[in-house]
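User: Please take a close look at one part of this model for me. I want to know how one chain is put together and what packs against what. Keep it brisk.

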Amino acid sequence: MSDAWTDKLDLYLDGELASAEMRELDVHVRSCPSCAADVLNRVQLKRAVHSAGKRYRPSAEFHERVRRSVASEPRRSPMWIWLTAAVALVLVLAVLAISARQRQLAELRIAGEIADLHVATLASTNPVDVISTDRHTVKPWFAGKIPFTFNLPELENSGLTLLGGRVTYLDQSPGAELIYQIRKHQVSVFIFNARQVDQALTSDSGARKTLSFNLESWEQDGLRYFVIGDAGAEDIRSLAELFKKAARS
Amino acid sequence: MAEARLTVASFEELAMPLFDQLYNFANWLTQDRSEAEDLVQETYAKALKGFSSFQPGTNFRAWMYRILRNTFLTSRTGLKAMVAIDEEDASELPSGTETPESVLLQRSQEELLQNAMEALPVHFREILLLCEVEEMSYLQISETLSIPMGTVMSRLARARRALRDSLKQRLAMV
(Lines give C-alpha, C1' and ligand atoms only; values in the text may rest on other atoms or scores of the structure.)
Protein backbone atom coordinates (compact mmCIF):
# COMPACT_ATOMS: atom_id res chain seq x y z
CA MET A 1 0.00 0.00 0.00
CA SER A 2 2.88 2.31 0.67
CA ASP A 3 4.25 4.02 -2.38
CA ALA A 4 5.54 7.46 -3.35
CA TRP A 5 2.02 8.82 -3.43
CA THR A 6 0.77 7.71 -0.03
CA ASP A 7 2.26 10.66 1.80
CA LYS A 8 0.47 13.00 -0.56
CA LEU A 9 -3.00 11.52 -0.23
CA ASP A 10 -4.07 13.88 2.56
CA LEU A 11 -2.88 16.93 0.62
CA TYR A 12 -4.68 15.53 -2.43
CA LEU A 13 -7.97 15.17 -0.54
CA ASP A 14 -7.55 18.53 1.20
CA GLY A 15 -7.10 20.21 -2.20
CA GLU A 16 -3.62 21.43 -1.29
CA LEU A 17 -1.65 19.86 -4.17
CA ALA A 18 -0.65 21.86 -7.21
CA SER A 19 -2.99 21.20 -10.13
CA ALA A 20 -0.38 19.25 -12.14
CA GLU A 21 0.26 16.88 -9.21
CA MET A 22 -3.47 16.65 -8.62
CA ARG A 23 -4.00 15.34 -12.15
CA GLU A 24 -1.09 12.88 -11.82
CA LEU A 25 -2.41 11.51 -8.56
CA ASP A 26 -5.89 11.19 -10.09
CA VAL A 27 -4.45 8.96 -12.77
CA HIS A 28 -2.42 6.97 -10.23
CA VAL A 29 -5.38 6.32 -7.88
CA ARG A 30 -7.38 4.86 -10.78
CA SER A 31 -4.68 2.33 -11.49
CA CYS A 32 -3.53 1.51 -7.90
CA PRO A 33 -6.06 -0.53 -5.86
CA SER A 34 -4.11 0.00 -2.62
CA CYS A 35 -4.15 3.80 -2.95
CA ALA A 36 -7.78 3.75 -4.13
CA ALA A 37 -8.78 1.88 -0.94
CA ASP A 38 -6.70 4.27 1.16
CA VAL A 39 -8.34 7.29 -0.48
CA LEU A 40 -11.76 5.82 0.14
CA ASN A 41 -10.99 5.31 3.83
CA ARG A 42 -9.62 8.81 4.19
CA VAL A 43 -12.62 10.34 2.43
CA GLN A 44 -14.97 8.46 4.70
CA LEU A 45 -13.10 9.65 7.78
CA LYS A 46 -13.10 13.23 6.50
CA ARG A 47 -16.86 13.13 5.91
CA ALA A 48 -17.53 11.49 9.25
CA VAL A 49 -15.44 14.08 11.14
CA HIS A 50 -17.07 16.90 9.16
CA SER A 51 -20.49 15.70 10.26
CA ALA A 52 -19.60 14.70 13.83
CA GLY A 53 -17.70 17.95 14.34
CA LYS A 54 -20.84 20.04 13.92
CA ARG A 55 -22.03 19.05 17.31
CA TYR A 56 -22.83 22.19 19.27
CA ARG A 57 -25.42 24.84 18.53
CA PRO A 58 -25.81 28.09 20.50
CA SER A 59 -29.19 29.02 21.91
CA ALA A 60 -31.03 31.92 20.28
CA GLU A 61 -30.88 33.77 23.58
CA PHE A 62 -27.07 33.53 23.77
CA HIS A 63 -26.74 34.58 20.12
CA GLU A 64 -28.88 37.66 20.76
CA ARG A 65 -26.98 38.51 23.94
CA VAL A 66 -23.64 38.60 22.11
CA ARG A 67 -25.13 40.39 19.10
CA ARG A 68 -26.42 43.14 21.37
CA SER A 69 -23.03 43.47 23.03
CA VAL A 70 -21.33 44.21 19.70
CA ALA A 71 -24.20 46.09 18.03
CA SER A 72 -23.35 49.62 16.90
CA GLU A 73 -26.40 51.08 18.64
CA PRO A 74 -29.26 49.62 20.60
CA ARG A 75 -32.27 49.21 18.36
CA ARG A 76 -34.81 51.78 19.35
CA SER A 77 -38.48 51.57 18.79
CA PRO A 78 -40.30 54.17 16.68
CA MET A 79 -42.20 55.17 19.87
CA TRP A 80 -38.88 56.09 21.50
CA ILE A 81 -37.97 58.30 18.51
CA TRP A 82 -41.36 60.06 18.62
CA LEU A 83 -41.04 60.65 22.35
CA THR A 84 -37.55 62.12 21.90
CA ALA A 85 -38.80 64.42 19.13
CA ALA A 86 -41.78 65.51 21.25
CA VAL A 87 -39.58 66.29 24.27
CA ALA A 88 -37.14 68.24 22.06
CA LEU A 89 -39.99 70.23 20.53
CA VAL A 90 -41.44 71.09 23.95
CA LEU A 91 -38.00 72.23 25.14
CA VAL A 92 -37.48 74.45 22.07
CA LEU A 93 -40.93 76.00 22.48
CA ALA A 94 -40.31 76.58 26.19
CA VAL A 95 -36.98 78.32 25.48
CA LEU A 96 -38.62 80.50 22.81
CA ALA A 97 -41.52 81.36 25.14
CA ILE A 98 -39.16 82.26 28.01
CA SER A 99 -37.01 84.37 25.67
CA ALA A 100 -40.08 86.20 24.28
CA ARG A 101 -41.44 86.78 27.78
CA GLN A 102 -38.09 88.18 28.98
CA ARG A 103 -38.00 90.57 26.04
CA GLN A 104 -41.58 91.63 26.72
CA LEU A 105 -40.75 92.28 30.40
CA ALA A 106 -37.66 94.31 29.45
CA GLU A 107 -39.71 96.43 27.03
CA LEU A 108 -42.37 97.02 29.67
CA ARG A 109 -39.75 98.05 32.22
CA ILE A 110 -38.06 100.50 29.83
CA ALA A 111 -41.41 101.89 28.67
CA GLY A 112 -42.38 102.41 32.32
CA GLU A 113 -39.15 104.27 33.06
CA ILE A 114 -39.52 106.46 29.94
CA ALA A 115 -43.07 107.33 31.03
CA ASP A 116 -41.73 108.20 34.53
CA LEU A 117 -39.05 110.47 33.03
CA HIS A 118 -41.64 112.18 30.83
CA VAL A 119 -44.05 112.71 33.76
CA ALA A 120 -41.21 114.01 35.95
CA THR A 121 -40.37 116.58 33.26
CA LEU A 122 -44.01 117.73 32.97
CA ALA A 123 -44.26 118.04 36.75
CA SER A 124 -41.01 119.96 37.08
CA THR A 125 -41.00 123.71 37.64
CA ASN A 126 -37.95 123.85 35.39
CA PRO A 127 -38.78 121.29 32.73
CA VAL A 128 -35.92 122.27 30.44
CA ASP A 129 -32.30 123.28 31.01
CA VAL A 130 -31.93 124.93 27.64
CA ILE A 131 -34.92 127.02 26.71
CA SER A 132 -35.05 127.64 23.00
CA THR A 133 -37.22 127.00 20.01
CA ASP A 134 -34.17 127.10 17.78
CA ARG A 135 -32.71 123.69 17.04
CA HIS A 136 -29.38 125.34 16.21
CA THR A 137 -29.21 126.52 19.81
CA VAL A 138 -30.49 123.40 21.50
CA LYS A 139 -28.28 120.86 19.70
CA PRO A 140 -24.92 122.53 20.49
CA TRP A 141 -25.98 122.88 24.14
CA PHE A 142 -25.69 119.07 24.52
CA ALA A 143 -22.08 119.03 23.25
CA GLY A 144 -19.83 117.80 26.06
CA LYS A 145 -22.79 116.82 28.24
CA ILE A 146 -23.65 113.50 26.56
CA PRO A 147 -21.31 110.99 24.82
CA PHE A 148 -22.97 111.19 21.36
CA THR A 149 -24.52 113.71 18.99
CA PHE A 150 -27.77 113.74 17.00
CA ASN A 151 -29.72 115.78 14.47
CA LEU A 152 -32.83 117.72 15.27
CA PRO A 153 -35.56 117.92 12.64
CA GLU A 154 -36.73 121.01 10.74
CA LEU A 155 -40.22 121.81 12.11
CA GLU A 156 -41.52 124.23 9.47
CA ASN A 157 -45.26 123.82 8.83
CA SER A 158 -45.43 120.77 11.09
CA GLY A 159 -47.50 122.34 13.86
CA LEU A 160 -44.73 121.38 16.30
CA THR A 161 -42.73 123.68 18.49
CA LEU A 162 -39.43 122.91 20.18
CA LEU A 163 -39.56 124.06 23.81
CA GLY A 164 -36.04 123.09 24.86
CA GLY A 165 -33.94 120.22 26.16
CA ARG A 166 -32.29 118.65 29.18
CA VAL A 167 -29.88 115.92 30.09
CA THR A 168 -31.54 112.81 31.48
CA TYR A 169 -30.53 109.32 32.58
CA LEU A 170 -31.74 105.79 31.81
CA ASP A 171 -30.07 102.73 33.35
CA GLN A 172 -27.30 105.02 34.68
CA SER A 173 -26.39 106.24 31.19
CA PRO A 174 -26.81 109.86 30.08
CA GLY A 175 -29.06 110.87 27.22
CA ALA A 176 -30.89 113.81 25.71
CA GLU A 177 -34.50 114.72 26.34
CA LEU A 178 -36.18 117.20 23.99
CA ILE A 179 -39.58 118.66 24.72
CA TYR A 180 -41.98 119.60 21.96
CA GLN A 181 -45.39 121.20 21.96
CA ILE A 182 -48.12 119.85 19.72
CA ARG A 183 -51.16 122.04 20.13
CA LYS A 184 -51.71 121.79 23.92
CA HIS A 185 -49.80 118.55 24.40
CA GLN A 186 -46.21 118.25 25.46
CA VAL A 187 -44.21 115.43 23.98
CA SER A 188 -40.78 114.21 25.04
CA VAL A 189 -38.19 112.74 22.71
CA PHE A 190 -35.46 110.70 24.49
CA ILE A 191 -32.23 109.75 22.79
CA PHE A 192 -29.72 107.30 24.32
CA ASN A 193 -26.71 105.30 23.24
CA ALA A 194 -28.37 102.04 22.11
CA ARG A 195 -25.59 99.91 23.63
CA GLN A 196 -26.23 101.38 27.06
CA VAL A 197 -29.93 100.60 27.03
CA ASP A 198 -31.20 97.11 27.94
CA GLN A 199 -29.84 94.60 25.41
CA ALA A 200 -33.19 92.83 25.28
CA LEU A 201 -34.64 95.96 23.67
CA THR A 202 -33.70 95.25 20.08
CA SER A 203 -36.92 95.70 18.14
CA ASP A 204 -38.71 98.79 16.96
CA SER A 205 -41.96 99.09 18.84
CA GLY A 206 -44.16 101.00 16.42
CA ALA A 207 -46.76 103.17 18.12
CA ARG A 208 -48.00 101.68 21.38
CA LYS A 209 -49.74 102.68 24.56
CA THR A 210 -47.90 102.85 27.87
CA LEU A 211 -49.75 104.03 30.96
CA SER A 212 -52.15 105.81 28.55
CA PHE A 213 -49.23 107.63 26.87
CA ASN A 214 -48.51 107.01 23.23
CA LEU A 215 -44.99 105.76 22.76
CA GLU A 216 -42.87 104.98 19.74
CA SER A 217 -39.32 103.62 19.94
CA TRP A 218 -36.72 102.66 17.38
CA GLU A 219 -33.00 102.26 16.92
CA GLN A 220 -31.08 104.19 14.28
CA ASP A 221 -27.33 104.59 13.77
CA GLY A 222 -26.49 103.25 17.23
CA LEU A 223 -28.97 105.50 19.03
CA ARG A 224 -32.18 104.43 20.71
CA TYR A 225 -35.06 106.91 20.33
CA PHE A 226 -38.26 107.18 22.37
CA VAL A 227 -41.10 109.56 21.53
CA ILE A 228 -43.71 109.74 24.28
CA GLY A 229 -46.62 111.97 25.16
CA ASP A 230 -50.35 112.27 25.64
CA ALA A 231 -50.79 113.56 22.08
CA GLY A 232 -52.56 111.35 19.52
CA ALA A 233 -50.78 108.38 18.01
CA GLU A 234 -50.64 110.16 14.65
CA ASP A 235 -48.87 113.18 16.16
CA ILE A 236 -46.38 110.91 17.94
CA ARG A 237 -45.77 109.07 14.67
CA SER A 238 -45.24 112.24 12.62
CA LEU A 239 -42.70 113.56 15.16
CA ALA A 240 -40.92 110.17 15.08
CA GLU A 241 -40.80 110.29 11.29
CA LEU A 242 -39.28 113.79 11.39
CA PHE A 243 -36.51 112.51 13.69
CA LYS A 244 -35.86 109.48 11.47
CA LYS A 245 -35.61 111.72 8.45
CA ALA A 246 -33.27 114.15 10.25
CA ALA A 247 -31.03 111.25 11.36
CA ARG A 248 -30.71 110.07 7.75
CA SER A 249 -29.70 113.52 6.50
CA MET B 1 -10.84 48.52 0.63
CA ALA B 2 -7.44 48.73 2.33
CA GLU B 3 -8.13 52.34 3.15
CA ALA B 4 -11.72 51.76 4.09
CA ARG B 5 -12.53 52.86 7.58
CA LEU B 6 -14.04 49.99 9.51
CA THR B 7 -17.03 50.74 11.61
CA VAL B 8 -18.75 49.06 14.47
CA ALA B 9 -21.64 48.30 12.13
CA SER B 10 -19.32 46.46 9.73
CA PHE B 11 -17.85 44.47 12.65
CA GLU B 12 -21.31 43.17 13.50
CA GLU B 13 -21.93 42.34 9.83
CA LEU B 14 -18.65 40.45 9.52
CA ALA B 15 -18.53 38.75 12.90
CA MET B 16 -22.07 37.59 13.62
CA PRO B 17 -22.30 35.16 10.64
CA LEU B 18 -19.36 33.27 12.24
CA PHE B 19 -21.14 32.94 15.54
CA ASP B 20 -22.42 29.35 15.22
CA GLN B 21 -19.06 28.06 13.95
CA LEU B 22 -17.11 29.78 16.70
CA TYR B 23 -19.51 28.51 19.33
CA ASN B 24 -19.10 24.95 18.02
CA PHE B 25 -15.31 25.31 17.96
CA ALA B 26 -15.30 26.77 21.49
CA ASN B 27 -17.28 23.79 22.78
CA TRP B 28 -14.85 21.36 21.20
CA LEU B 29 -11.94 23.17 22.80
CA THR B 30 -13.35 23.60 26.28
CA GLN B 31 -15.59 20.52 26.50
CA ASP B 32 -17.86 22.59 28.70
CA ARG B 33 -20.89 24.58 27.61
CA SER B 34 -20.65 27.35 30.16
CA GLU B 35 -16.93 27.82 29.55
CA ALA B 36 -17.57 27.84 25.81
CA GLU B 37 -20.12 30.62 26.19
CA ASP B 38 -17.68 32.68 28.24
CA LEU B 39 -15.00 32.04 25.64
CA VAL B 40 -17.22 33.13 22.74
CA GLN B 41 -18.39 36.21 24.58
CA GLU B 42 -14.85 37.22 25.47
CA THR B 43 -13.72 36.58 21.90
CA TYR B 44 -16.36 38.94 20.51
CA ALA B 45 -15.57 41.61 23.10
CA LYS B 46 -11.82 41.41 22.34
CA ALA B 47 -12.40 41.36 18.59
CA LEU B 48 -14.65 44.43 18.74
CA LYS B 49 -12.10 46.27 20.86
CA GLY B 50 -9.25 45.34 18.52
CA PHE B 51 -11.21 45.73 15.29
CA SER B 52 -9.32 48.89 14.34
CA SER B 53 -6.13 46.80 14.23
CA PHE B 54 -7.66 44.30 11.83
CA GLN B 55 -6.13 44.70 8.37
CA PRO B 56 -8.94 44.94 5.80
CA GLY B 57 -8.44 42.49 2.98
CA THR B 58 -6.85 39.83 5.21
CA ASN B 59 -8.76 36.81 6.41
CA PHE B 60 -11.33 37.94 8.94
CA ARG B 61 -12.43 34.38 9.79
CA ALA B 62 -8.87 33.30 10.58
CA TRP B 63 -8.48 36.46 12.66
CA MET B 64 -11.58 35.64 14.75
CA TYR B 65 -10.52 32.01 15.25
CA ARG B 66 -7.06 33.18 16.27
CA ILE B 67 -8.55 35.47 18.93
CA LEU B 68 -10.79 32.69 20.20
CA ARG B 69 -7.92 30.23 20.32
CA ASN B 70 -5.53 32.64 22.03
CA THR B 71 -8.22 33.47 24.56
CA PHE B 72 -8.70 29.77 25.19
CA LEU B 73 -4.97 29.16 25.54
CA THR B 74 -4.69 31.77 28.26
CA SER B 75 -7.65 30.34 30.18
CA ARG B 76 -7.14 27.83 32.96
CA THR B 77 -8.63 24.98 30.91
CA GLY B 78 -6.56 25.97 27.91
CA LEU B 79 -3.31 26.07 29.83
CA LYS B 80 -4.01 22.64 31.26
CA ALA B 81 -5.01 21.21 27.90
CA MET B 82 -2.02 22.54 25.99
CA VAL B 83 0.63 21.66 28.55
CA ALA B 84 1.05 18.26 26.91
CA ILE B 85 1.96 19.73 23.52
CA ASP B 86 5.44 18.93 22.44
CA GLU B 87 5.56 18.65 18.70
CA GLU B 88 9.09 17.39 18.45
CA ASP B 89 8.74 14.63 21.04
CA ALA B 90 5.33 13.45 19.92
CA SER B 91 5.69 9.79 19.15
CA GLU B 92 4.61 8.62 15.75
CA LEU B 93 1.54 6.51 16.15
CA PRO B 94 1.67 3.26 14.18
CA SER B 95 -0.45 3.15 11.09
CA GLY B 96 -3.06 0.47 11.36
CA THR B 97 -3.88 -2.12 8.80
CA GLU B 98 -7.58 -2.27 9.54
CA THR B 99 -10.01 0.26 8.21
CA PRO B 100 -12.49 1.45 10.82
CA GLU B 101 -13.76 4.31 8.64
CA SER B 102 -16.41 2.29 6.87
CA VAL B 103 -18.05 1.57 10.22
CA LEU B 104 -18.47 5.30 10.70
CA LEU B 105 -20.72 5.50 7.70
CA GLN B 106 -23.42 4.23 9.98
CA ARG B 107 -25.01 7.14 11.73
CA SER B 108 -25.27 5.23 15.01
CA GLN B 109 -21.51 5.37 15.27
CA GLU B 110 -21.31 9.18 15.25
CA GLU B 111 -21.20 9.32 19.03
CA LEU B 112 -18.29 6.90 19.03
CA LEU B 113 -16.41 9.20 16.67
CA GLN B 114 -17.27 12.26 18.77
CA ASN B 115 -15.96 10.52 21.86
CA ALA B 116 -12.77 9.65 20.03
CA MET B 117 -12.40 13.30 18.92
CA GLU B 118 -13.01 14.52 22.47
CA ALA B 119 -10.31 12.20 23.73
CA LEU B 120 -7.70 13.64 21.34
CA PRO B 121 -5.18 16.14 22.70
CA VAL B 122 -6.55 19.63 22.13
CA HIS B 123 -3.91 20.60 19.53
CA PHE B 124 -4.97 17.60 17.40
CA ARG B 125 -8.63 18.26 17.97
CA GLU B 126 -8.45 21.91 16.94
CA ILE B 127 -6.49 21.32 13.74
CA LEU B 128 -8.88 18.56 12.68
CA LEU B 129 -11.86 20.83 13.30
CA LEU B 130 -10.34 23.72 11.37
CA CYS B 131 -9.56 21.45 8.43
CA GLU B 132 -12.55 19.11 8.32
CA VAL B 133 -15.39 21.11 9.88
CA GLU B 134 -14.40 24.68 9.03
CA GLU B 135 -12.81 23.54 5.77
CA MET B 136 -9.99 26.04 6.11
CA SER B 137 -7.07 25.87 3.70
CA TYR B 138 -3.64 25.02 5.10
CA LEU B 139 -2.71 28.68 4.72
CA GLN B 140 -5.71 29.79 6.77
CA ILE B 141 -4.95 27.16 9.40
CA SER B 142 -1.36 28.37 9.48
CA GLU B 143 -2.62 31.96 10.06
CA THR B 144 -5.14 30.88 12.67
CA LEU B 145 -2.78 28.74 14.72
CA SER B 146 0.27 30.93 13.99
CA ILE B 147 2.34 27.96 12.91
CA PRO B 148 4.31 27.33 9.69
CA MET B 149 2.73 25.47 6.76
CA GLY B 150 5.03 22.48 7.31
CA THR B 151 3.80 22.15 10.89
CA VAL B 152 0.20 22.33 9.67
CA MET B 153 0.80 19.34 7.41
CA SER B 154 2.70 17.26 9.94
CA ARG B 155 0.34 18.03 12.82
CA LEU B 156 -2.69 17.29 10.69
CA ALA B 157 -1.23 13.94 9.60
CA ARG B 158 -0.52 13.00 13.21
CA ALA B 159 -3.98 14.09 14.32
CA ARG B 160 -5.61 11.90 11.68
CA ARG B 161 -3.46 8.96 12.60
CA ALA B 162 -4.25 9.42 16.30
CA LEU B 163 -7.95 9.56 15.52
CA ARG B 164 -7.85 6.40 13.43
CA ASP B 165 -5.90 4.64 16.16
CA SER B 166 -8.35 5.71 18.83
CA LEU B 167 -11.26 4.60 16.69
CA LYS B 168 -9.76 1.19 16.15
CA GLN B 169 -9.38 0.69 19.89
CA ARG B 170 -12.92 1.81 20.54
CA LEU B 171 -14.36 -0.38 17.80
CA ALA B 172 -12.46 -3.35 19.14
CA MET B 173 -14.20 -2.82 22.48
CA VAL B 174 -17.70 -2.61 20.95
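Analyst: Start with the order of elements in chain B. Along the sequence, chain B reads α-α-α-α-α-α-α-α-α. That is nine helices and zero strands. Keep in mind that this is a predicted model.

Next, burial and contacts. Chain B has 174 residues, and 34% of them are buried. Take the contacts in chain B between residues at least 6 apart in sequence: 72% of these join residues at least 24 apart.

Now one helix pair. Helix 3 of chain B covers residues 33–49, and helix 4 of chain B covers residues 60–73. Their axes come within 9 Å and cross at roughly 125°. The crossing of helix 3 of chain B past helix 4 of chain B is right-handed.

Which residues make this contact? From helix 3 of chain B come B:Leu39, B:Glu42, B:Thr43, B:Lys46 and B:Ala47. Helix 4 of chain B answers with B:Met64, B:Ile67, B:Leu68, B:Thr71 and B:Phe72. By class, the residues of this contact are six nonpolar, two polar and two charged.

In general, nonpolar side chains tend to be buried together in soluble globular proteins.

Beyond its neighbours within four places in sequence, B:Leu128 is in contact with B:Met117, B:Ala159 and B:Leu163, and with A:Val49 from chain A.

Across the two chains, 26 residues of chain A are in contact with 36 residues of chain B. On the chain A side, helix 3 (33–53) and helix 4 (60–70) each supply at least two residues. Helix 3 of chain A gives the most, with ten residues. Sorted by class, the chain A side that touches chain B has ten nonpolar, eight polar and eight charged residues.

Definitions and conventions: Residues numbered from 1 in each chain as written. Chains lettered and ligands numbered in written order. Predicted model: local features only at pLDDT ≥ 70, side-chain atom pairs only at ≥ 80, totals over all residues. Contact = placed C-beta atoms within 7 Å. Helix = DSSP H or I, 4+ residues; strand = E, 2+ residues; numbered from the N terminus. Nonpolar A, V, L, I, M, F, W, Y, C, P; charged D, E, K, R; others polar. Buried ≥ 20, exposed ≤ 12 C-beta atoms within 10 Å, placed from the backbone. Axes fitted to C-alpha atoms, helices over the stretch in contact; angles between N-to-C directions. Left-handed = near helix turned anticlockwise from the far one by under 90°.
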